[in-house]
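Open the model in your viewer and follow the stops below. Each stop says what to select and what is there.

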Amino acid sequence: MKKAKLSQCAEGLIVTAAGVLFIIFSLKIRNNPISIEGPLNGIVQARFVPLVLSVLILVQGIVLTVALWRGKEQTETVGGFHLRLLIVVSLTVAYLLLVSWIGFAVPTVVYMGTLLFVVNKGRKPLFLLVLTGLYSVIALLVIPSVLNLQLL
Amino acid sequence: MFSEWLHFGDAVATFLVDPMVWLFLLGGVVLGYVVGVIPGLGPTMGMALCLGVVFRLEYAQGMALLVGIFVAACGSGGITASLINIPGTPAAAATCIDGNALTKQGRGREAVGYSVFASVVGTMGGTILIFLIQPFVTSIALKFGDWETFLFCIFGLLICGSIAGDSRKRGWIAAFAGCLVSMVGADGVQSVLRFTFGEPELLGGFDSVIAMLGLFGIGEVLYTLREKEPKREIRDTGYPILNFKVLKKNILNIIRSVFAGLWIGFIPGIGESAACWFSYDIAKRTSKEPEKFGKGAEEGIIAAEVADNACSAGALIPALALGIPGSSTAAIFLSAMYIMNLRPGPTLLIETPGFLCGLCLLLFVSAAIMGVVSFLFSKLTIKILTIPESLLMPLVAVLCAIGAYSATGTPFALIQLMIFGLLGYLMKVYHYPIAPFVLGLLIGPTADTSLRRALMQYSDNVLQMITRPFGLGLMVVLVLLFVLGLKSERSSRKD
């Protein structure tokens with residue numbers, strides 16, 4: 001029973017933990033190099049606003065946990081975890097990492113082609129190949145030349 | 001003081017008689033439309049591109065090109081926001097809420113129609129008001145200090161509850177998290193490093209354009225493609241359409257939004273990204289059907305777009321009059337003016353009499369041209385953006401990557417895009433509203449910097465800061481809004 005209640009409150013507990021973590025990180029921010037005289041010196045420090053925000057997240061996390069515990073709120077999610085999602089996320093993450101590493105040309109063509117084939121299984125391969133080519137021309141040649149961008 | 005109005009005839013002769021000026025205005029509007037519709041680009045990018053060309057042009061032609069790009073790029077960002085839930089420009093983020101909801105009901109043409117109409121009316125309305133009040137603008141803008149700017153930011157945070165939708169608690173958490181994310185990097189007062197963890201890439205903080213591309217763009221791509229068969233929304237294609245009954249009902253909303261947008265535009269540093277949210281909130285609070293907001297309310301689209309465009313026009317005036325750019329777009333505009341041998345600042349109107357009249361004229365005419373260009377081009381845009389999502393989204397992801405890369409020109413932009421993309425996806429899955437997060441991200445640094453600057457300035461007499469007349473008035477409004485917000489939350493709980 002307690003386990004079920006705890007898993008019901010997981011979302012609130014995660015937010016609360018994040019609040020605590022942010023408070024720790026905020027407290028680690030250094031003091032201003034130039035201080036002002038008087039009691040306001042604490043408020044004008046660079047850590048002040050992040051600390052206030054972290055405390056607010058912590059408070060909201062506690063409020064959410066209590067609401068989840070009492071059943072006034074519910075953690076709602078859309079869809080579950082499945083292979084298709086894993087492939088789409090992995091492809092996109094890999095594409096962005098590869099572009100930051102080796103540039104736009106090859107990763108863009110490969111990413112668009114692969115993604116089009118993965119998410120359009122019923123469609124004709126030739127159509128998807130032509131579309132990949134068209135998208136690649138738009139993304140790598142037309143837009144950069146109109147906007148004077150150096151992508152290649 | 002009022003002599004600027006007398007130069008109207010000269011301005012007409014300088015800017016509207018030369019056919020080349022019209023040609024550059026049209027070219028600027030078309031380029032502005034393109035950069036406005038593509039997520040991540042926008043007016044700053046479009047105007048920056050033309051700096052090299054402006055150098056070789058005559059004063060009137062250069063101004064026409066810049067103003068054309070500026071007006072069209074600000075105005076067309078709402079089209080992408082409505083059709084694919086990815087704002088073309090940061091200022092169009094509020095349009096996503098109701099614009100995309102309307103598109104999901106199969107009324108994409110209407111959503112685009114209201115967005116374009118509101119953009120044109122917002123720019124025109126804002127320009128007329130600027131023309132009328134231009135002699136007083138500088139003195140009003142100078143009354144706004146750091147304390148007043150901070151109070152405006154608090155006002156921005158207060159509206160997070162109402163734009164959060166069903167879950168206010170998650171809305172607040174998102175808003176605070178957005179503010180906290182915006183604190184990453186060297187702070188704006190004494191350059192103290194915050195949350196950088198020794199990484200040199202984080203010194204400048206996260207770029208808000210990239211963050212929005214990730215949250216809205218990549219997040220939307222992942223969210224849409226997660227299902228085996230992405231929902232095929234019944235969308236109609238064709239020219240944008242308008243329901244005149246709806247427009248008639250929104251006259252007051254439009255007037256209110258023009259004033260709201262323009263007012264925020266006059267305050268340096270706040271900008272159009274915040275204006276759309278303020279106006280959206282006011283429209284929701286004053287609407288007879290507030291429950292429709294978030295579900296495709298035409299009032300929401302109109303309020304956000306009118307304010308966004310009125311603010312864009314309004315923000316140029318203090319930038320020119322004071323010589324202090326309040327946004328990156330204004331900064332590009334000011335640099336273009338220096339290229340054209342104009343000196344923005346308090347002496348601008350003395351050295352270049354009739355300049356503000358000419359600018360107002362160009363803004364007004366650009367808005368009219370933008371209306372026509374957007375109407376004609378939107379048919380194609382709607383057609384492109386309404387093809388099945390499984391075919392469109394791979395291109396959208398790549399455009400987001402190009403937009404992010406062009407924002408900073410560094411590979412780290414793509415890492416940022418990935419982080420915010422995954423965050424945006426998770427927020428959608430767990431029903432955390434993205435709008436408050438974005439609002440927090442945009443106003444966080446301004447709130448932090450202006451509060452600390454104000455306190456440092458008045459460290460020996462805080463009472464003097466609090467009792468400044470403008471600030472005092474704002475505080476009263478804030479308290480009233482807070483009380484009203486609490487009341488409406490209680491009554492909605494009872495219901």
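Start with chain A. A compact globule of 152 residues would have a radius of gyration near 15 Å, but chain A has 25 Å. That radius is taken over C-alpha atoms, and the globule rule is 2.2 Å times the number of residues to the power 0.38. The C-alpha trace of chain A spans about 70 × 55 × 20 Å along its principal axes.

Before going on, note that this is a predicted model: local features need pLDDT of at least 70, side-chain atom pairs count only at pLDDT 80 or more, and totals for chains, interfaces and linings use all residues. Residues are numbered from 1 along each chain as its sequence is written, chains are lettered from A and ligands numbered from 1 in the order in which they are written, and side-chain values use heavy atoms, with hydrogens and water left out.

**Stop 1: chain A as a cartoon**

Colour by secondary structure. Chain A has 6 helices and 0 strands, in the order α-α-α-α-α-α. Helices (H or I, at least four residues) and strands (E, at least two) are DSSP runs, numbered from the N terminus.

Now show the surface. Its accessible area is about 8800 Å², with 71% from carbon and sulfur atoms. Areas come from the Shrake-Rupley method with a 1.4 Å probe; for residues, only the protein chains shown count as cover. In chain A, 41% of the 152 residues are buried. Buried means under 20% relative accessible area, exposed over 50%, and partly exposed in between (1.4 Å probe, protein chains only).

**Stop 2: A:Y135**

Select A:Y135 in helix α6 (residues 125-147) of chain A. Is this residue buried or exposed? A:Y135 is buried, at 4% relative accessibility. Which residues does A:Y135 touch? Leaving out residues up to four places away in sequence, A:Y135 touches A:M112 and A:L116, and from chain B it touches B:I387, B:L391, B:L392 and B:L395. Contact means heavy atoms within 4.5 Å.

**Stop 3: chain B**

Switch to chain B. It has 22 helices and 2 strands. Of its 495 residues, 62% are buried. Among contacts in chain B with a separation of 6 or more, 79% join residues 24 or more positions apart. The accessible surface is about 18400 Å², and carbon and sulfur atoms hold 67% of it.

**Stop 4: two loops**

Most residues other than glycine have a negative phi. Here are two with a positive value. Select B:N85, with phi of about 65 degrees. B:N85 sits in the loop between α4 (59-84) and α5 (93-104) of chain B, and is buried at 10% relative accessibility.

Next, select B:S191, with phi near 55 degrees. B:S191 lies in the loop between β1 (185-186) and β2 (193-194) of chain B. B:S191 is exposed, at 53% relative accessible area.

**Stop 5: the cysteines**

How many disulfides does the structure hold? Over all chains there are 0; a disulfide is a pair of cysteine sulfur atoms within 2.5 Å. Select B:C311, which is in no disulfide: the nearest cysteine sulfur, that of B:C276, is 8.6 Å away. B:C311 is buried, at 0% relative accessible area. Finish at B:C400, also in no disulfide, where the nearest cysteine sulfur is that of B:C96, 11 Å away. B:C400 is buried too, at 0% relative accessibility.
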